[in-house]
Amino acid sequence: MHERLEPIFDEVVRRNAGEVEFHQAVREVFESVGPVIAKHPEFTDAKIIERICEPERQIIFRVPWQDDRGEVHVNRGFRVEFNSALGPYKGGLRFHPSVYLGIVKFLSFEQIFKNSLTGMPIGGGKGGSDFDPKGRSESEIMRFCQSFMTELYRYLGEHTDVPAGDIGVGSREVGYLFGQYKRITNRYESGVLTGKPLLHGGAQVRPEATGYGCAFFVEEMLRARGTSFDGRRVVVSGAGNVAIYAIEKVIQLGGTVVACSDSSGYVVDEKGVDLALLKEVKEVRRQRIEEYAVARAGDGATFVPGRSVWEVPCEVALPSATQNELTGADAHKLVRGGCIAVGEGANMPTMPEAVRVFREAGVAFGPGKAANAGGVATSALEMQQNASRDSWTFEHSEDRLRQIMRDIHTRCMTTADAYGMPGDYVAGANIDGFTRVAQAMLSLGLV
């Protein structure tokens, strides 16, 4: 870390005590942007670094709701509107028991630079609740979403803050949230939420976008090394929305996905994951991944409970579950197993020690703020369609997504080269994303 940044980082830790995920996200950016600070002293003079680490607004609120038995529950809701230098705050809502202010701040800090990398006019924000939708009925989820939006709506707007989905929040939840927003405001302001059902102005490819985008980014990393997915052995962590559609696109690009996981363990299917069955188990039946192995037992699929999927040898790894899931020990196993490329489908799923292992081993590593930017990029495309009352085809939307991911890859590579760090996608993503935001903040004055 550049010596000018060390005291600033210490102050960030002091002012945001106990928020370890946020500290980790800030450190990762600080370890890359030292050369930018040296090249642009005006950023230091204007205290851009200090300002970019302080959210413009942090909203915490109570979410009371009633279950089907009539019992009252109280959850906590969050929205961190971190930086709007490039446009309205943009970022998802996460419903999961692990959600607290530190998680939301880490996600929204990452979102600033991810959104910047897309080249689109969107700022960074994130939100959510410690509500757990697992095991809840449709009616309970609807009532929770309505209560959540009853408080959050006052901070939203298509030119102010535009949430989307994240873990625990899909098109069903976004539909309920949008319905309550419309009811309260008496406005069909479709651009205020993205990830909506198609009937309400949702975009084609939005459910697939993060997973597809990750596969497209890794495809570009492999192409830069003179190879491709064709015939490659691939492991994907998770079995949610991102993982499923990353698997789908990898298969279309010629790779063979041999393992995936959920919080209970992982399955290995050496013949290649049966995508239709996986979707049936996870999206329709909403069962544990073990049920996939039970259904495919006759074809040799096996379930390994309570273990890390990263012990399965592969050439390409796509961590697509949650933050800090891939440890240094996991990284060593992957390197020994012949891994040549890693693309982060989730937000910050790879621990710092693991990133160092990959870098030292020469593994191409695509950080989440670049590799999983496809979701927010397609959300921005949804905003464009809503603003023009337009609707694009699946093919056109996918072509736009693919081009955006190629542009992000090119931007990361050329920026890393320009700063004397060829092939370092982490540095390239952080420097390019940061520089664009910093220049925008500088041009807006002291606000």
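Me: Which residue stands opposite R79 in β4?

Reply: The model is predicted, and in it R79 stands opposite G127 of β4. The two strands concerned, β2 (residues 72–83) and β4 (residues 123–129), are paired in the antiparallel sense over 6 bridges.

Me: What is the order of the strands in the open sheet of 5 strands?

Reply: The order is β1-β2-β4-β3-β5, and the pairing is mixed. The edges are taken by β1 (57–66) and β5 (161–165), each with a single partner strand, so one side of each has no neighbour in the sheet. From one strand to the next, the twist averages 20 degrees.

Me: Which strands of this sheet does α5 touch?

Reply: Helix α5 packs on the sheet and touches β1, β2, β3 (89–95) and β4. The direction of α5 makes about 150 degrees with that of β4.

Me: How is the packing of two helices described?

Reply: Two packed helices are described by the angle between their axes together with the distance between those axes. For α5 (residues 101–117) and α17 (residues 425–444), the axes come within 8 Å and cross at roughly 90 degrees.

Me: Which residues of α5 and α17 meet?

Reply: From α5 come I112, F113, S116 and L117, and they meet A429, D432, G433, F434, R436 and V437 of α17. Sorted by class, the contact of α5 with α17 has 6 nonpolar, 2 polar and 2 charged residues.

Me: At what angle do the axes of α16 and α17 cross?

Reply: The axes of α16 (residues 394–418) and α17 cross at roughly 100 degrees and come within 7 Å. Helix α16 is therefore roughly perpendicular to α17. On the α16 side the contact is made by H409, R411, C412, M413, T415 and A416, and on the α17 side by Y425, G428, A429, I431 and D432. By class, the contact of α16 with α17 has 6 nonpolar, 3 polar and 2 charged residues.

Me: In which sense do β6 and β10 run, parallel or antiparallel?

Reply: Strands β6 (residues 233–237) and β10 (residues 316–319) run parallel and are joined by 4 bridges. V235 stands opposite A317 in β10.

Me: Finally, which residues lie nearest the centre of the second largest pocket?

Reply: E28, E31, P352, V355 and V426 lie nearest its centre, among 21 lining residues. The volume of this pocket is about 340 Å³. Helices α2 (20–39), α13 (352–361), α14 (368–371) and α17 each supply at least two residues of the lining, and the largest share, 5 residues, comes from α2. By class, the lining divides into 8 nonpolar, 4 polar and 9 charged residues.

Notes. Residues numbered from 1 in each chain as written. Predicted model: local features only at pLDDT ≥ 70, side-chain atom pairs only at ≥ 80, totals over all residues. Heavy atoms only, no water. Axes fitted to C-alpha atoms, helices over the stretch in contact; angles between N-to-C directions. Contact = heavy atoms within 4.5 Å. Nonpolar A, V, L, I, M, F, W, Y, C, P; charged D, E, K, R; others polar. 1 Å grid on protein atoms, 1.4 Å probe; cavity = no way out; pocket = protein on both sides within 12 Å on 5 of 7 lines; lining within 4 Å. Points joined across faces, edges and corners; volume = space filled by probe spheres on them. Pairing = 2+ DSSP bridges. Parallel < 35°, antiparallel > 145°, perpendicular 65-115°, else oblique.
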